[in-house]
Amino acid sequence: MCAHILVAEDDEMQATLIRRLLLQEGHTAVVVHDGRAAIDEAQSRRPDLVVLDLMLPRVDGFGVCRVLRRDGDVPVLMLTARSTEDDVLLGLELGADDYMTKPYSPRELMARIRAVLRRSMAPARNSPLQRAGCITVDPIGHLVTCDGNPVTCTPGEFAILHAMTAEPDRVFSRRQLLQYTRGHDRASTERAIDVHIMNLRKKIEPDPRRPVRLLTVFGVGYKLVDGRHDA
C-alpha cells in the first residue's frame, strides 16, 4: 500500500526521521515546518494521510485539523508532547483519526500509520451495501449517505458506522467499538468513542442533542436503530 503523506513537523530532526521511515516503506512524503504551509500543501496536493504535529508555528495543529476537516476527510495522525486527556479528546473531536504522544518509537509510529492507511485506503471488498434506517454504508466505495445525502466521515467514524449498520439494533460497548477503530492500541481510550459518537450525531441526526438514530444505551454502550425514527 503506497501513499502520499504530508508530514507537518517543526522539529527538523523529527521530520527527517519520519520522512526516511516513510520512504523506506515505499510511500512518498512531503515535509513542511509550519501550519500555514501544511494547509497550503494539503489544499494544493491532496495527501492520503497527514502526520500533524500540534505545536506548529503560524497555525497550530488544532487549527490545521479544523481546516482539513472543513475541506474534506483526509486522515490525520496527530503527534504532540501534550499528553493530557483533554488534548487527546480535543484532537479527536476535531476529526483526528489517531493521536501519538512524544517520545514515541519509530516502529509504533509506522504501525499506527499503516493502520490508519489500511482503514482509509483498503475498504472491504465484495461487500453489499449496508443499511440501517436512513443510513447506508458502501464498504467498497467507502461512502456513507444519510437520507440520500453524502456524509463525510473520518476513517474512525466510518469504521463505527460500518460495524453498526452490519448489525442494526445491536448494542455495542465502547470497548467493542474501540476494536473497530483502533484495535488494541494502548493509547486509545473508551472516552474517544464518545467523541466519535458525538461527531457522528452532528452528521446523521436531525437534532444531535436529541438523537433518534444513534442511541445511547445507558451503562452498556451505543446502538444504531433499524428504521426511521425521525421526529
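Searching the whole structure turns up zero disulfides, a disulfide being a pair of cysteine sulfur atoms within 2.5 Å. This is a predicted model, where local features need pLDDT of at least 70, side-chain atom pairs count only at pLDDT 80 or more, and totals for chains, interfaces and linings use all residues. Residues are numbered from 1 along each chain as its sequence is written, and side-chain values use heavy atoms, leaving out hydrogens and water.

Let's look at two of the cysteines. The closest cysteine sulfur to that of Cys-146 is in Cys-134, and the gap is too far for a bond. Cys-153 is likewise in no disulfide.

Four strands form an open sheet in the order β6-β7-β8-β9, with antiparallel pairing. Strands (E, at least two residues) and helices (H or I, at least four) are DSSP runs numbered from the N terminus, and two strands pair if DSSP finds at least two bridges between them. β6 (130-132) and β9 (149-151) stand at the edges with a single partner strand each, so one side of each has no neighbour in the sheet.

Further in, β7 (residues 135-138) and β8 (residues 143-146) run antiparallel and are joined by four bridges. Val-137 has Val-144 in β8 as its bridge partner.
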